[in-house]
Amino acid sequence: MSRFLDGMARRALFTLDPETAHGLSITALKSGLLPGCSANRDPRLAVNVAGLSFPNPLGMAAGYDKNAEVAAELARLGFGFVEVGTLTPKPQAGNPKPRIFRLVTDHAVINRLGFNNQGHAEAHARISGRRRAGILGINIGANKDAADRIGDYVAGISCFADVADYFTVNVSSPNTPGLRNLQTREALSDLLGRVLAERDAKSKRIPVFLKIAPDLSEPDLDDIAAECLVQKLDGLIVSNTTLSRTGLNPDPKTAEAGGLSGRPVFERSTIVLAKMRQRLGADMPLIGVGGIDSAETAAEKMRAGADLVQLYTGFIYGGPLLPGRILRDLSRICDRENLTHISHLRDQKTAQYAALDIPE
Ligand SMILES: Cc1cc2nc3c(=O)[nH]c(=O)nc-3n(C[C@H](O)[C@H](O)[C@H](O)COP(=O)(O)O)c2cc1C
């Protein structure tokens with residue numbers, strides 16, 4: 001697909017409401033009509049993290065492929081890994097529509113979907129019945145009405161252990177009331193203890209990552225880091241969407257409730273990432289997400305401390321050619337900076353970002 005056609009398709013999608021456009025993009029991917037990314041197999045981009053071999057460090061973040069319908073097709077676009085979900089044990093409708101809003105001049109989105117998904121059984125059957133391509137992460141959460149929320153995460157590990165390359169424990173969606181309280185030290189200790197015990201009971205050791213919010217105080221970060229180290233967690237994903245509305249261009253939609261993603265969350269999530277790198281030390285795998293829409297922004301996350309990166313909102317604005325473009329430009333950054341491997345970017349600016357205050 002030429003850049004021109006790609007731009008036309010995106011303009012057409014933007015005339016539709018965001019959730020309809022999202023559904024159409026999934027249908028287009030399923031149709032197989034979208035072009036694959038011409039293989040970028042630059043060995044300088046291949047990374048080993050948490051015992052897994054990633055062909056490149058760029059992943060699709062959770063929320064795009066909630067029901068594990070197009071993971072292989074996303075891998076074909078160039079993504080080195082795809083995180084599906086968030087999946088909850090029971091199917092769930094989520095919040096009333098409309099519940100996704102584009103803030104076009106900010107290249108941002110506000111969503112309050114509320115974990116709409118088809119549930120464990122359906123997603124598991126779909127994944128099991130399809131040919132696998134690339135590294136597959138399963139992002140797990142709790143049903144809104146769960147009597148035992150932690151039990152829902154344990155059920156996620158149990159259900160998907162035979163198909164997951166890694167798990168993400170999502171405690172940071174702002175759209176399930178009270179979910180973010182699982183980030184407090186006591187709750188996190190209980191949650192990670194039970195989740196990791198379930199993982200350890202399986203024959204294969206599957207890495208478990210924790211995904212946190214960018215709306216945390218320094219003492220919150222101290223507590224989370226301490227718990228991650230005590231529990232020997234396999235990695236941390238920083239971050240989910242923000243509740244902050246600071247610095248947005250004027251637009252009535254900025255008043256919509258929900259989590260904000262895209263360019264305006266870049267700085268906040270990168271500062272939190274760097275602060276967590278400092279707290280967790282050099283060996284803990286960190287995945288940076290929030291506002292990435294180019295090789296430069298991906299590289300900056302690595303400079304702040306990320307081993308891997310993910311994006312979602314950038315894909316809404318950048319389209320299906322974006323992952324291939326980012327990979328090509330990451331190779332160019334390696335050329336320009338004389339890097340024998342992309343991981344040499346890591347931590348070049350950790351101290352600089354970590355010294356900044358988390359914005360209001
Ligand atoms: C429409 C939408 C739905 C999302 N759903 C989920 C989700 O189900 N689980 C999750 O962990 N994160 C979810 N996210 C958050 C993203 O995975 C990501 O952490 C966040 O959007 C910041 O990255 P970005 O700026 O590249 O979008 C969602 C984001 C958007 C925009």
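Which of the 23 residues around the ligand come nearest? In this predicted model, they are Ala62, Lys66, Thr86, Gly262 and Thr313.

**The ligand and its shell**

- The residues of the shell around the ligand divide into 7 nonpolar, 14 polar and 2 charged, and at least two of the shell residues come from each of strand S4 (81-87) and strand S11 (259-262).
- Oxygen atoms of the ligand lie 2.8 Å from a polar backbone atom of Gly262, 3.0 Å from a polar backbone atom of Ser239, and 3.0 Å from a polar backbone atom of Tyr312.
- Of the 600 Å² that the ligand exposes when taken alone, the protein buries 98%.

**The largest cavity**

- The count comes to 2 cavities of 30 Å³ or more, and the largest of these has a volume of about 120 Å³.
- Its lining is made up of Ala68, Ala71, Ala72, Ile127, Arg130, Arg131, Arg132, Ala133 and Leu136, a set that divides into 6 nonpolar and 3 charged residues, with no polar ones.

**The second largest cavity**

- The second largest cavity, with a volume of about 50 Å³, is lined by His107, Gly262, Arg263, Gly291, Ile292, Asp293, Thr313, Gly314 and Tyr317.
- Helix H10 (residues 313-318) gives the most to this lining, with 3 residues, and the lining as a whole divides into 2 nonpolar, 5 polar and 2 charged residues.
- Gly262 and Thr313, which belong to this lining, are also among the residues that come nearest to the ligand.

Definitions and conventions. Residues are numbered from 1 along each chain as its sequence is written. This is a predicted model: local features need pLDDT of at least 70, side-chain atom pairs count only at pLDDT 80 or more; totals for chains, interfaces and linings use all residues. Side-chain values use heavy atoms; hydrogens and water are left out. A residue is near a molecule or strand if one of its heavy atoms lies within 4 Å of it. A polar contact is a pair of N or O atoms within 3.5 Å; within protein, one must be able to donate a hydrogen and the other to accept it, and residues adjacent in sequence count only if both atoms are side-chain atoms. Accessible areas come from the Shrake-Rupley method with a 1.4 Å probe; for residues, only the protein chains shown count as cover. Helices (H or I, at least four residues) and strands (E, at least two) are DSSP runs, numbered from the N terminus. Ala, Val, Leu, Ile, Met, Phe, Trp, Tyr, Cys and Pro count as nonpolar, Asp, Glu, Lys and Arg as charged, and the others, Gly among them, as polar. On a 1 Å grid over the protein atoms alone, a cavity is a set of points where a 1.4 Å probe fits but cannot get out, and a pocket is an open set with protein on both sides within 12 Å along at least five of seven lines; lining residues have an atom within 4 Å of a point. Grid points are joined across faces, edges and corners, and a volume is the space filled by probe spheres set on the points.
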